[in-house]
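Dear colleague,

Please find the structure below, followed by an account of what was found in it.

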Amino acid sequence: MDLMHHSSAFLLPSIPSDRHLPRPPLTYALVVLNQSLPRFTPLLWLHARLHLCADGGANRLFDEMPLFFPNENASDVRRRYKPEAIKGDMDSIRKDVLDFYKSIGTKIIDKSHDQDTTDLHKCVTYIRDSSQDLDQSNLCILVAGALGGRFDHEVGNLNVLCCFSSLRIVLLSNDSLIYLLPRTHRHEIHIETSVEGPHCGLIPLGMPSRSTTTTGLQWNLDNTEMNFGGLVSTSNIVKGEKVTVQSDSDLLWTISIKKFERRIRVGVRYRYI
Amino acid sequence: MDLMHHHSTFLLPTIPEDQRPSLTYALVVLNHNLPRFSPLLWKHAQLRLCADGGANRVYDEMPLLFPQEDASDVRRRFKPDIIKGDMDSIRKEVLDFYTCLGTNIVDKAHDQDTTDLHKCVTCIRDFAPASDKSNLCILVAGALGGRFDHEMGNVNVMCRFSSLRIILLSDDNLIHLLPKTHRHEIHIQPSVQGPHCGLIPIGMPSKSSTTTGLRWDLNNTETKFGGLVSTSNIVEGEKVTVQSDSDLLWTISLKKLA
């Protein structure tokens with residue numbers, strides 16, 4: 001069974017070119033959903049090659065990105081953080097926001113006729129289809145604003161992870177990071193202790209798991225059964241910088257994100273507390 | 001297969017007299033932002049517990065819901081009967097305050113195998129006389145938001161205690177289990193909830209679910225993670241029925257309180 005490496009290096013100001021990373025380095029795409037922008041969104045934007053808004057995510061970008069740069073002109077910030085595309089059923093995006101991004105050249109993909117898939121689902125297919133030239137095993141889709149708000153939306157976002165289990169998709173909020181560990185691989189998760197942890201969990205979403213084995217956690221699993229209604233590993237703790245997971249079932253990995261504080265000096269320096 | 005009725009009348013200022021069956025409510029407050037309607041839940045509940053740091057929330061945030069009143073008076077008025085948990089989050093001054101007032105403090109610091117919510121649910125279950133358990137309904141405030149693993153832990157408590165009525169609540173959502181052992185009638189209070197809803201096969205694929213009362217009803221439909229999961233659905237009218245071969249989570253949006 002092949003090994004799959006995972007790292008949250010995209011939460012660092014600059015991604016180290018060595019250690020802990022699969023080779024070649026990952027190409028990031030960013031999808032912004034319609035929830036409060038996580039405080040580290042400018043950082044994600046910096047690392048991503050492709051930037052999309054899912055429908056009302058464009059409102060968030062328009063309204064909230066300038067708030068991260070209070071010393072700058074809002075209009076300048078909005079132009080700088082211009083998504084390549086806005087896709088979705090367009091029932092949430094405000095007209096003034098739509099007009100603004102249209103006028104600066106953002107591609108608008110109106111899928112209002114399609115009520116069978118969520119806006120995130122539509123954005124993931126767009127990214128996957130636009131990246132045909134890339135080796136998709138090196139593509140990583142970061143999703144900002146994936147949690148909070150309506151629970152059915154949250155669940156819809158989790159289901160996108162499960163529906164596209166061969167793609168790397170990371171759901172992000174201010175407090176948590178979540179991605180799928182497909183059962184087809186053994187997993188090595190490299191913990192960036194400056195930005196994440198120690199609280200973590202392994203979630204058998206949608207299917208019981210007969211056997212999961214881990215290393216690197218305070219309460220490791222050892223050929224342990226997990227299922228909703230029985231044991232689900234939550235409020236676990238990472239010990240050290242590497243966690244390994246092997247399971248007969250797809251599991252969600254979740255880890256807490258440390259509070260992010262941005263300090264503005266000459267140039268911009270980031271600090272996690 | 002027996003029918004199970006579900007009502008959200010606890011979200012109304014007064015519970016109509018003709019609502020059957022009459023339920024006994026218990027409230028558990030978790031360590032996340034108090035929903036704006038927490039005073040209403042408190043009023044309907046006969047037993048009020050804080051799970052560890054939930055006591056911090058009652059202490060800090062209940063007075064904010066009554067800005068015209070003296071904070072100290074509000075805190076005395078909203079005094080939990082019990083604070084239970086591993087006590088790693090409750091602040092010392094909060095613990096002292098409630099101890100002083102007579103709240104029962106149940107320290108379970110040695111027990112790291114179950115979540116604080118789990119501990120509170122067992123406390124309530126063991127407290128309630130056997131005859132009342134089918135009429136018992138545990139309301140959980142502050143169940144969502146914050147850390148995702150906490151959220152999943154709370155969802156799992158509903159699954160583990162599938163024979164108890166447990167309702168997870170936040171400002172935006174109401175969630176409860178629909179056990180596969182029953183057919184379900186969900187009575188919608190359109191003044192306070194909806195229209196957005198979902199049915200979630202959280203732990204196990206469902207081969208067959210059938211509903212009425214939704215915009216996109218299921219009809220002997222298979223639902224599972226990795227396939228179809230009913231989210232962003234819409235309630236039409238005031239009654240939804242659900243029957244499934246699998247335990248499902250029902251979730252419905254809550255309207256912003258004026």
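Which residue of β14(A) is the bridge partner of A:Thr212? The bridge partner is A:Ser247.

This is a predicted model, in which local features need pLDDT of at least 70 and side-chain atom pairs count only at pLDDT 80 or more, while totals for chains, interfaces and linings use all residues; side-chain values use heavy atoms, with hydrogens and water left out. Residues are numbered from 1 along each chain as its sequence is written, and chains are lettered from A and ligands numbered from 1 in the order in which they are written.

**Chain A: a sheet**

Strand β11 (residues 209-215) and strand β14 (residues 242-247) of chain A pair in the antiparallel sense over 4 bridges. Strands (DSSP runs of E, at least two residues, numbered from the N terminus) pair if DSSP finds at least two bridges between them. An open sheet of 5 strands in chain A, with mixed pairing, runs in the order β1-β9-β14-β11-β12. Its edge strands, β1 (3-7) and β12 (224-226) of chain A, each pair on one side only.

**Chain B: two helices**

The axes of helix α5 (residues 116-127) and helix α6 (residues 148-160) of chain B come within 9 Å and cross at roughly 30°. Axes are lines fitted to C-alpha atoms, for helices over the stretch in contact, and angles run from 0 to 180 degrees between N-to-C directions; helices are DSSP runs of H or I, at least four residues. The crossing angle therefore makes α5(B) roughly parallel to α6(B) (angles under 35 degrees). The contact (heavy atoms within 4.5 Å) is made by B:Leu117, B:His118 and B:Val121 of α5(B) and by B:Asn154, B:Val157 and B:Arg160 of α6(B).

Yours sincerely

Methods
Parallel < 35°, antiparallel > 145°, perpendicular 65-115°, else oblique.
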